[in-house]
Amino acid sequence: MDEHKETLRVGSAVRRRRRQLELTLAVVAERSGLSVPFLSQIENERARPSTRSLQRVADALCTTDVELLAAADPARTVEVVRADDDTDLDTSKPAARVRELTRGHHQLHVLEFIGDHDEGREFQHRNDELMYVVEGAVEMEAEGRAYRLGRGDSLFLTGGVRHRWRATVPDTRVLVVAVGDHIEAVDDGGR
C-alpha cells in the first residue's frame, strides 16, 4: 500500500460533502472563487489543492479544511509521520510550510507550521485547540486581546473562540493540536 498516496486523497471527501449539500460544481466554484475544471480535478484526485484552496473549498461547503482532511481516509491505530515526509499542505509560500502530523479521521488533529502563514485569516473552531511554540515567537489575537508567545509557551483556546496569529521570528515552528471538528464537544459541568 502506498501510504503517501493515500494521504493526498481529499477529493472523495469534497465530492461527498458537495453532494450531501446538493450543490453543483458551478455553485461551489462561484462560492470559492475557484474554477469548475480545477474543482473537478480535485474531486477526481487529479489535482492536489493548496492549503488556501482547500480552505476556500471548505468555506464554500460550509465546513472546515480539517473536517475534509479528516474525512479523506480511514482511521489508523498506529501511524508514523517522518520528519522528511513530503506532506506539505501549502506549496504557495516556499518560506512557510504546513505539515499534517496526524492524518485521517481521528479525535485529535495536529499541524506543524514552519515560518509564517496566512496571518490575515481569522479562525474559529468548534472544539478546543492548543498552540505550542516549538521555536521562535508568535503574536496571537483572541477575544480582543493580544498575546506574545515564545519558545516553549502554549496557549489553549476553548471551542468557538475567534483567533488569528502570526510568526514574529523567521523559521518559527508552531504545533497546533485540535480536537477533531467531527467530535461533538460535551460540557459535562463537572470539570
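**Notes on the predicted model**

Residues are numbered from 1 along each chain as its sequence is written, and side-chain values use heavy atoms, with hydrogens and water left out.

1. **Two positive phi values.** C62 is a residue other than glycine, yet its phi is near 55°. You will find C62 in the loop between α5 and α6 (65–70); helices here are DSSP runs of H or I with at least four residues, strands are runs of E with at least two, and both are numbered from the N terminus. E45, also not a glycine, has a positive phi of about 60°. The loop between α4 (36–43) and α5 (51–60) holds E45, which is partly exposed at 27% relative accessibility.

2. **The open sheet.** Five strands line up as β1-β2-β8-β3-β6, with antiparallel pairing (two strands pair if DSSP finds at least two bridges between them). The edges are β1 (97–100) and β6 (154–157), each with a single partner strand, so one side of each has no neighbour in the sheet. On average, neighbouring strands of this sheet are turned by 20° against each other, direction ignored (axes are lines fitted to C-alpha atoms, and angles run from 0 to 180 degrees between N-to-C directions).

3. **Inside the sheet.** Six bridges join β3 to strand β8 (residues 173–179) in the antiparallel sense. E129 faces A178 in β8.

4. **A nonpolar patch.** L130 sits in strand β3 (residues 129–135) and is partly exposed, at a relative accessible area of 33%. Together with Y132 and F156, L130 makes a nonpolar surface patch of about 280 Å² (residues with over 30% relative accessible area and no salt bridge, nonpolar side chains being joined within 5 Å).

5. **The aromatic pair.** Which residues make up the aromatic pair? F113 and W165 do, edge-to-face, at 5.2 Å centre to centre and 85° between the planes (ring centres within 6.5 Å; planes over 60 degrees apart are edge-to-face, under 30 stacked and the rest tilted). F113 belongs to strand β2 (residues 108–114) and W165 to strand β7 (residues 163–167), so the pair ties together parts 52 residues apart in sequence. Both F113 and W165 are buried.

Definitions and conventions: Predicted model: local features only at pLDDT ≥ 70, side-chain atom pairs only at ≥ 80, totals over all residues. Patch = residues over 30% accessible without salt bridge, like charges linked within 9 Å, V, L, I, M, F, W, Y side chains within 5 Å. Areas by Shrake-Rupley, 256 points an atom, 1.4 Å probe, with all protein chains shown as cover. Salt bridge = Lys/Arg side-chain N within 4 Å of Asp/Glu carboxyl O. Buried < 20%, exposed > 50% of the residue type's maximum accessible area, 1.4 Å probe, protein only. Phe/Tyr/Trp six-rings, centres within 6.5 Å; stacked < 30°, edge-to-face > 60°.
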